Amino acid sequence: MSSFVSVANENGVAVVTINNPPVNALSFHVRKPLYEALAVLRDDPAAKAIVIACAGRTFVAGADITEFGKPVEQPELRAIIALLETIAKPTIAAIHGTALGGGLELALGCHFRVADRGAKLGLPEVTLGLLPGGGGTVRLPRLVGAVKALGMIVSGAPISAGEAKATGLVDETFDGDLLANAVRFADEMADRGGPFVPVGDRNERLAETDLAAFDAQAVDLARKTRGLEAPLACAKAVRNAIALPFDEALAAERQLFAKLVSGDQSRAQRHLFFAEREAAKVPGKDLQKRRIERVGIIGAGTMGGGIAMAFANGGFPVTLLETGEEALQRGLAMIEKNYAVSVSRGSLTEEAKQQRLGLFKGSTDYADLADCDLIIEAVFEDMAVKKEVFGRLDAIAKPGAILASNTSYLDVDAIAASTSRPQDVLGMHFFSPANVMKLLEIVRAEKTAPDALATVTDLARRIGKVAVVVGVCHGFVGNRMLSARGAENEALLLEGATPAQVDKAFTDFGWPMGPFQMGDLAGLDIGWRNRKARGQTAVIADTLCEEGRFGQKTGRGWYRYESGSREPLADPEVEALIRAKAAERGIEARAIGTEEIIERTLYPLVNEGAKILEEGVAARASDIDVVWANGYGFPVGKGGPMFWAGLEGAGRIIERLEYWHQRTGRAIFEPAPVLRRFAETGRWESARG
Ligand code: 3H9
């Protein structure tokens, strides 16, 4: 017996327990003893049935992702499942926590699956750029039907034990002692007698497949994949399960898996998986956390309301503060409306809506924030206003309360200095809509106490955010790099590109939309107002705004929009404006290719990331990737800007940056020393690493 797999006999039922903390991944040191134990139990007359269960907080959460990309050590998961399917006595998976990926595939190798009522089951491989490679694409459709299986495999989203029971994935769900119930279930099955049919031999549900519906779903999917290979491979594999004999479909799945696992997209997505977890590791993470029970939010506008909802969704009571009763009621009404939309869409029950609304307390009096453990300010983006708010907070907040600013750009050190307790001050930069977007930049100011930082990092996770700690600088990591990415946008237009051409280069790269479409969606007046406040200009965008072209909301911006449509249409008026502005500057139009667009937008993005590392504003290159993948739509199949720099080749990036630097003299093109060192060593360095 091994310390990772143990076997016990409960009144003739063999219980095989996997114990590989924290998530019982199927590492080699688990697979080997598991295979050996099952091989013995298959022929052991003392065992009339076999239950596979897990110790700790969860059933097997998948293959061991750290083993991918290395030579596979035998026995593989597939061999374990093949062995399971040769066992004549009943085999039962007892599932608690999450049965994910290879974990669910292992369970599919059993005759029966029983689950704790709180368990979740899914095949999330697609989120790692993979498909289920342990027979999941071939066995799951045999239990739940091909259309349902395709939906689960392509979304990667787990389903509840209740839904799994309703669809036929799980045979029984239990409250209370799962293992005792599983053993009783196994006992009953053994008494009932066989033959017990392996999932691989159950073809009835497949025969019912409505192929037209299946193919329509697969076509719909292909339209949404934005260059990702895995979802298409998933659809192909499930189609094989319908069209090919079991063994052939299994072999085809294996080939598809092998191709994906060695490809760049899966490497990139696996990088992001670990990067997100790494980002949570901040100095002081093991310190005693401060108690956060009630959260105060100042400002009930779009941002403040969204932040308040994010906390209420996480179960926290929230005090929402506004300057006047009218603004407060408007904010609360907006929150109620947002929840009502979720109810009408079926993503929230009426009961849950009422429960969440019950967590809100509105106020117009700062004194009501005195019992809050964390207070987040989401007022107008102006230093004088922020300082005044923090001065008032300093007077009323309880000792040890964490005071956070939701600023997107401003100097958090200066904000902290307006209080007598800078150790309790930090930035929490949410992204709009704050109740939906996963990213949270936590801004560590010079004097922020480590335990305050650790508390907020921990809290972010509890409300479902992906948190990244960043340092103080104008725009922090995300918005600062966004400025570098957009610095050449207008120059590209003046020199001959069209907005549609630039946007297409972005969407071909895998972004959900390009910068001009994005501008029209967000509203061009926002950038205009910011530029005016900072004494900056943008020749074309400013003129568009002066003409009242604010984007989608006015039906005209960089593009024009038919009434009621969000489809951007090229506008000859905008093209004429661009050419006129170019002529005023004596710039002649020339052909601009996709490559040049990428070089002048995404290479400066990487270069700015390198400067951010050099200054220690980010502790790790992977933190920057997490920011860009979760907050700005950087294609996950490319792993974020800093990972992509490795794929693209740092040498090439430097060479082209130097070329553009020489040609334009612009600082965004001057290669950062950290980028040069990355080109030499293949490793990103940070001043804070
Ligand atoms: C697969 O199964 C392929 C097969 O189809 C084919 C095979 C042939 N491996 O997330 P947490 C680590 S692909 C290795 O913070 P939570 C994680 O890095 C796999 N390590 O916990 C972290 O380490 P650290 C399909 C793993 O409670 C620690 O465990 N399965 C794995 O918030 C805790 O993780 C998946 O994609 C792994 N599979 O969430 C599921 N999983 O402490 C991936 C976790 O050093 N896992 N670690 O930072 C998850 O979604 C979440 O971890 C889970 C728990 C929901 C299970």
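This is a predicted model: local features need pLDDT of at least 70, side-chain atom pairs count only at pLDDT 80 or more; totals for chains, interfaces and linings use all residues.
Residues are numbered from 1 along each chain as its sequence is written, and side-chain values use heavy atoms, with hydrogens and water left out.

**Aromatic pairs and charges over rings**

- Rings of Phe, Tyr and Trp (its six-membered ring) pair if their centres lie within 6.5 Å; planes under 30 degrees apart count as stacked, over 60 as edge-to-face and the rest as tilted. This rule gives 21 aromatic pairs.
- Trp511 and Phe634 form an edge-to-face pair, because their ring centres are 5.0 Å apart and their planes stand at 70°.
- Trp511 belongs to the loop between helix H21 (499–509) and helix H22 (515–522), and Phe634 to the loop between helix H27 (621–631) and helix H28 (641–648), so this pair ties together parts 123 residues apart in sequence. Helices (H or I, at least four residues) and strands (E, at least two) are DSSP runs, numbered from the N terminus.
- Both partners are buried: Trp511 has 1% relative accessibility, and Phe634 has 2%.
- Phe678 and Trp684 are stacked, because their ring centres lie 4.0 Å apart with the planes at 5°. Phe678 is buried at 9% relative accessibility.
- Ring pairs join Phe431, Phe506, Phe509, Trp511, Tyr603, Trp628, Tyr632, Phe634 and Trp644 into a cluster.
- A charge sits over a ring if NZ of Lys or CZ of Arg is within 6 Å of the ring centre and within 35 degrees of the ring normal. Arg485 lies over the face of Trp511, 4.8 Å from the ring centre, and the charged end of Lys532 sits over the ring of Trp528, 3.6 Å from its centre.

**Helix H24**

- Six of the eight residues of helix H24 (539–546) are buried, leaving the helix mostly covered. The buried residues are Ile540, Ala541, Asp542, Thr543, Leu544 and Cys545.
- The cover over these buried residues includes helix H20 (489–494), helix H23 (524–533) and helix H25 (572–584), where contact means heavy atoms within 4.5 Å.
- Gly548 follows H24 and has a positive phi, near 75°.

**An open sheet**

- Three strands form an open sheet of mixed pairing, in the order S5-S7-S8; two strands pair if DSSP finds at least two bridges between them.
- Strand S5 (98–100) and strand S8 (159–160) stand at the edges with a single partner strand each, so one side of each has no neighbour in the sheet.
- S5 and strand S7 (residues 120–122) run parallel and are joined by three bridges. Ala99 stands opposite Leu121 in S7.

**Cysteines**

- The whole structure contains zero disulfides (pairs of cysteine sulfur atoms within 2.5 Å).
- The sulfur of Cys110 has its closest cysteine sulfur in Cys54, 11 Å away, which is too far for a bond.
- Cys110 is buried at 0% relative accessibility, and Cys473 is buried at 13%.

**Annotated domains**

- UniProt, in an unreviewed entry, lists residues 295–471 as "domain: 3-hydroxyacyl-CoA dehydrogenase NAD binding"; its positions are given in the numbering used here, feature names are shortened, and annotations may be inferred rather than shown by experiment. This span is 41% helix and 21% strand, with its end C-alpha atoms 23 Å apart.
- The unreviewed UniProt entry lists residues 475–561 and 597–687 for "domain: 3-hydroxyacyl-CoA dehydrogenase C-terminal". Residues 475–561 are 60% helix and 0% strand, and residues 597–687 are 67% helix and 0% strand.

Conventions
Buried means under 20% relative accessible area, exposed over 50%, partly exposed in between (1.4 Å probe, protein chains only).
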